[in-house]
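Welcome! Let's take a friendly walk through a structure, one question at a time.

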Amino acid sequence: MSIVAATTEAIERAAQALARGEIVAFPTETVYGLGANALDASAVAKIFAVKERPRFNPLIVHVLGLSKAEAYAVVSETARRLMGAFWPGPLSLVLPRRGACAIADLVSAGLDTVALRAPSHPVGRALLAAVKLPIAAPSANRSGRISPTTALHVEAELGNLPAMILDGGPCSLGLESTVLGIEGDDVTMFRLGALPREEIETVLGHRLACPEAGAKPASPRMASPGQLAIHYAPSTPLRLEARDMREGEALLAFGPDAPKVEGPMLNLSPRGDLNEAAVNFFAALRSLDAAGASAIAVMPIPKQGLGEAINDRLLRAAAGRTEDAQVPHPRSALASP
Ligand code: TXA
Ligand code: MG
């Protein structure tokens, strides 16, 4: 069993493992990450191997804050303003790499940008402080599968492949960070996530276009190779926007109007709160996936606030495996880079 309670002593051991080039899973406020020393290409290569992640999909690098970010990337005024408003927290910024950037090229998958994020989770921060290195960390699931929001989920995905799984309890947000590309004043939305789009727009003072198939990034350097149409995928087919139940289905419900059903059912938020729904989302998907149902019927979930990111995950989770055969995925042009 490689799950270890995240005591000060365990965090210190995890930092030593990272410094030796091993990989360690740890909690952030969004989801659990699978970390490696971002300066060490062979350590980073282990992440790609363990996750079976395509090499063209770059990783997010975790740092403590702005001063570390500036060592690796070009931080424009706009980037600085967003960091000031939202760091530490669930916002990743894809920035141009500095000329002398020491982060392994493999982390950037050959691009001349690097994604940086300062997590707010006390265990993530304690680990960064102890190791004194930038930590490259994607979500700690096999590529394409459901992101883990507890240490047990990580173990179910990766077994004892990480040197350690630091257990810091369930993640408080439950959805991955929002990813923005920034070069100068140009802002490109790469991934909807735990920081709602509206909050970013308030700080920027203008609207942001949603990530869409074929959409041109705001600046030519910004490319998003990792936004796969099929992602977060359970093995059981999903039926979205379900307003009734069919034989053999499990129900993923939302809100006070959920029907009473006999089979397996989970309500993301009986009081209809989107923040609560985000926290419960991946765990609920994982648990209904294990229920042996013919499909998972998903009630409609409002599209505003965090609902936008939840619906984005649902579309990707359902892509290619909906029951009603050809429900086209609106971003299917992003399926392959
Ligand atoms: O909340 C999170 O962001 C979690 C926790 C562990 O921090 N991490 C996470 O990492 O979700 P991952 O690898 O599952 O997703 C990273 C996303 C991918 O869509 C990837 O393509 C994008 O960020 N990304 C990373 N570096 C990039 C770059 N240089 N240019 C464009 N997209 C990038
Ligand atoms: Mg992921």
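Q: How many residue pairs are in polar contact between domain 1 and domain 2?
A: This is a predicted model, and the count takes pairs with both residues at pLDDT 80 or more. Between domain 1 and domain 2, the number of residue pairs in polar contact is 7.

Q: Which helix gives the most residues to the side of domain 1 that touches domain 2?
A: Two helices, α6 (151-158) and α7 (197-204), each bring at least two residues to that side of domain 1. The top contribution is 3 residues, and the helix that gives them is α6.

Q: How many residues on the side of domain 1 that touches domain 2 are nonpolar?
A: Sorted by class, that side of domain 1 has 6 polar and 6 charged residues. The remaining class, nonpolar, has 10.

Q: Which residue forms a salt bridge with E176?
A: Across the interface of domain 1 and domain 2, the rule finds 3 salt bridges. For E176, the closest N and O atoms are 2.9 Å apart, because a salt bridge here needs such atoms within 4 Å. The partner of E176 is R313.

Q: Which three residues supply more of the area that domain 1 buries against domain 2 than any other three?
A: Domain 1 and domain 2 bury about 1500 Å² between them, with 57% of it on carbon and sulfur atoms. On the domain 1 side, 41% of the buried area comes from I146, L175 and L192.

Q: How far apart are the C-alpha centres of domain 1 and domain 2?
A: Domain 1 covers 3-204 and domain 2 covers 238-317. Their C-alpha centres are separated by 27 Å.

How values were computed
Residues numbered from 1 in each chain as written. Chains lettered and ligands numbered in written order. Predicted model: local features only at pLDDT ≥ 70, side-chain atom pairs only at ≥ 80, totals over all residues. Heavy atoms only, no water. Domains from an automatic or database assignment. Buried area = accessible area lost by both parts, 1.4 Å probe. Salt bridge = Lys/Arg side-chain N within 4 Å of Asp/Glu carboxyl O. Polar contact = N/O pair within 3.5 Å; in protein donor to acceptor, adjacent residues only side chain to side chain. Helix = DSSP H or I, 4+ residues; strand = E, 2+ residues; numbered from the N terminus. Nonpolar A, V, L, I, M, F, W, Y, C, P; charged D, E, K, R; others polar.
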